[in-house]
2 protein chains.
Amino acid sequence: MSETHSATARAHPNIAFIKYWGNADDNLRLPANPSLSMNLDGLYTQTTVTWLFEPNADRLILNRQPDTGTAFRRVSAFLNILRARLNITGSAQIESFNNFPMGAGIASSASSFAALTLAAVSAAGIQLSERALSTLARLGSGSAARSIPGGFVEWFTGQSHDESFAESFAPPDHWDLVDIIAVVSSEHKTVVSQEGHRSANTSDLQAARVAGAAERLAACKTAILSRDFKRFAEVVEHDSNLMHAVMMTSRPPLFYWLPPTLEVMARVRQWRADGLKVCYTLDAGPNIHCICVKNDAEQVRQELSALSGVVDVRAALPGGPAALVDVNG
Amino acid sequence: MSETHSATARAHPNIAFIKYWGNADDNLRLPANPSLSMNLDGLYTQTTVTWLFEPNADRLILNRQPDTGTAFRRVSAFLNILRARLNITGSAQIESFNNFPMGAGIASSASSFAALTLAAVSAAGIQLSERALSTLARLGSGSAARSIPGGFVEWFTGQSHDESFAESFAPPDHWDLVDIIAVVSSEHKTVVSQEGHRSANTSDLQAARVAGAAERLAACKTAILSRDFKRFAEVVEHDSNLMHAVMMTSRPPLFYWLPPTLEVMARVRQWRADGLKVCYTLDAGPNIHCICVKNDAEQVRQELSALSGVVDVRAALPGGPAALVDVNG
């Protein structure tokens, strides 16, 4: 490239209803099991990539601060993969920010690598299908594959790099679910997900969790497509419990729950027994994603806010696909 | 029998280090996996059985109150089994009490059925081996099989009634472990263990837990025999985590942990990392059994007492076998 090419993309984080935990192939990030998620509207990572004709000069500005640490190294390693696979030469100047704070109970790696992939590819003047973008984003962070398509999304395991991508099976307006996130801790988690995925196979229970994932995913997809909240709630909580069962029986064990986490989980089960359409799901952290129908969202939000262990509450509806915001080339 | 025969027996409760959860045969209470436990000294059930030549007149006085409810029905059903297997005729008058309160974090069914078995058999003038007593006690409550022998005990799964019994592999004075029980709730549990055992197979994870149990038991036994606290702690906590992983992934899920339970578990792991010889194990309830070496017991007790979620703390050393207290015949 002899000129400067720049592109800006936005992508939403997503919340998995059928969890990704553990890889069949760590290098390619081929997951051990298929997963299913919903993008989170209103929350996004926005990333601008500018390709410069200059070797070995990748730069990252993250949330308005130059970063040369862990985040930079992970981004630069991912750029090396993109350069190799797409025959891009030169260095990338990257400016990225999240409109949601760290420690808000929302993982930022999915939206970050989805936005980075779309911006980097577009800035290089390359047109790729959504499938190809999802496939590439997966190499940066597994769950980023799911932040490329919009709405309700399934990520296929695949047997090879090209087969492992995510696609939408229902648009954002299909079902007005709300993810109400109860933040019980804003401490940064001590085990990053990448290391957690590698530990999955140290649990005697992982194989059984993986073996049932396709069936749970099919049940969850059917429940979403038919807007059957009762079945949806059962399989979503069950799948979350299964992932945390694997985590806490890994060696060494991973305990992500804090005392208020357990309190909120018990409350959610009780609220549902009392008639509210709400269920919980937890990622690799202590905060609780309370998924409810829009009609019950305000009540759930108020109930959560009243609990002493809950320090913050935020809400998101189903979000759209990763998209370009502005291109200067 | 033409005369009155009476006997009084005491048995200790036990704490399992390798857990019993789920049956291969519900009627015979043949367990899905072998288990390993330690009797708890100082705590006991004391039971007097008097056989009367009078049909259909079983009576139970439990903790000084006549009982005609759930406890009576379970005891009477067990007496029917004893009558059939040992050719005893007549009715039993039973007086039983625990020297520890309900809701003290200690299951009483093991000590109750162990004491009842020994008293009932002795009162009928029958001499049985420890193995035969353990086998019979199992029919009343699975873990009662382990409260017949003394000290550190292994319960073999067996393929038939006669093969499924517990025996001691080390006497009480082999290792001065202390079980310091942190009581976080004195509410009576809503799911009794019997029903829980039946739910074990509804978890996709039970088969994997069971498959590894013999290996964990061998590791735990070796650690006890060599007084290797580090290995002991790892396998004991792991096995407890595995059982609770199965419970919380059963359908419907069983969550026995309360918020302070999680807090104590995290503290215990931290105290061990800081050098105290302590680990945790949890039965089907929210209270935490903190197993430590005698030298560290006082510090563990003080640390536990200082936690706001802990409402009571009690301690027990390794206990002896079920034994007769007094016989009038």
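How many residue pairs are in polar contact across the interface of chain B and chain A? The rule finds two, both at pLDDT 80 or more; a polar contact is a pair of N or O atoms within 3.5 Å, where within protein one must be able to donate a hydrogen and the other to accept it, and residues adjacent in sequence count only if both atoms are side-chain atoms.

A word on the basis: this is a predicted model, in which local features need pLDDT of at least 70 and side-chain atom pairs count only at pLDDT 80 or more, while totals for chains, interfaces and linings use all residues. Residues are numbered from 1 along each chain as its sequence is written, chains are lettered from A in the order in which they are written, and side-chain values use heavy atoms, without hydrogens and water.

**The interface**

Chain B and chain A each bring 22 residues to the contact (heavy atoms within 4.5 Å). Two salt bridges are counted between the chains (a side-chain nitrogen of Lys or Arg within 4 Å of a carboxyl oxygen of Asp or Glu). One of them joins Arg216(B) and Asp204(A), at 4.0 Å from N to O.

**The cysteines**

Turning to sulfur, the whole structure has zero disulfides (pairs of cysteine sulfur atoms within 2.5 Å). Two cysteines show why:
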